[in-house]
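My notes follow in the order in which I looked things up.

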Amino acid sequence: MTEKSGAVDGERVRDGKYARVERERRFLLAGLPNPSSAVAVRSLTDRYLVGTRLRLRCVESPDPGGRTYKLTQKVPAGLPGPVQGLTTNMYLSLDEYRLLASLPAAVLVKTRFSIPPLGVDVFGPPLHGLVMAEAELTDDAEAEAFAPPPESVAEVTDDARFTGGSLVRASRSEVLAWLAAYGIRPDSPTG
């Protein structure tokens, strides 16, 4: 699957004054790699604002004052490969976050383990059992040369089902079927 809704068709994706090119590769994992190798652990609550390409994010870390609020717009590239499109981030105050959080949204909750060079996301209900790793890369050469992590079951960079905007709308049964297609069965006694 390579279709990315809302993509900038026919346009070259390049850094701009306010937006930057997002390059990442995403991988499915059967489970969390050794959590003791994480250099940071954060809880992320993403609110995908209905009818927009906007994501409202609350990042919680155990640090004192460890809450950050961001508004992100992602404009997909509509092309296969690690160039995901353009992303623009804006940091928010708590009051700004609360105001925007009052808008209709679909919510996705996950815990992110920073295990360099990866961010490993362990999803909360109803997507529990889904574990994905992503590497954010600085240029095309680095993206091309990046080696999948040894724990990787499959690369899903080009599978639009495994983007946040798609996952937030997916039912548990859909995600379990998608994972089963890759041999991952999180609800089984051994998975």
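Entry 1. I began with the hairpin: β6 and β7 form one, with two residues between them. The model is a predicted one, so I read every pairing here as computed from that prediction. Strand β6 covers residues 105-115, and six bridges join it to β7 in the antiparallel sense.

Entry 2. I then followed β7 to its pairing with β8. Strand β8 spans residues 131-137, and four antiparallel bridges join β7 to it.

Entry 3. I checked how much of β7 is covered. Strand β7 runs over residues 118-123, and five of its six residues are buried, so the strand is largely enclosed by the rest of the structure. Buried here means under 20% relative accessible area.

Entry 4. I moved on to β1, residues 20-29. Nine of its 10 residues are buried, so β1 too is largely enclosed by the rest of the structure. Which strands does β1 pair with? I noted three of them, β5, β8 and β9.
- Strand β5, residues 83-92, is antiparallel to β1 and joined to it by four bridges; V21 stands opposite L86 there.
- Seven bridges join β1 to β8, again antiparallel, and F27 has A133 as its bridge partner.
- Strand β9, residues 152-155, pairs with β1 over three bridges in the antiparallel sense; I found S152 of β9 as the bridge partner of L29.

Entry 5. I picked out R25, which sits in strand β1. Is R25 buried or exposed? Its relative accessibility is 11%, so R25 counts as buried.

Entry 6. I looked for polar partners of the R25 side chain. One is the side chain of E155, in a polar contact at 2.8 Å. I also found the backbone oxygen of A143 at 2.9 Å from a polar atom of the R25 side chain.

Technical notes: Residues numbered from 1 in each chain as written. Predicted model: local features only at pLDDT ≥ 70, side-chain atom pairs only at ≥ 80, totals over all residues. Heavy atoms only, no water. Buried < 20%, exposed > 50% of the residue type's maximum accessible area, 1.4 Å probe, protein only. Pairing = 2+ DSSP bridges. Polar contact = N/O pair within 3.5 Å; in protein donor to acceptor, adjacent residues only side chain to side chain.
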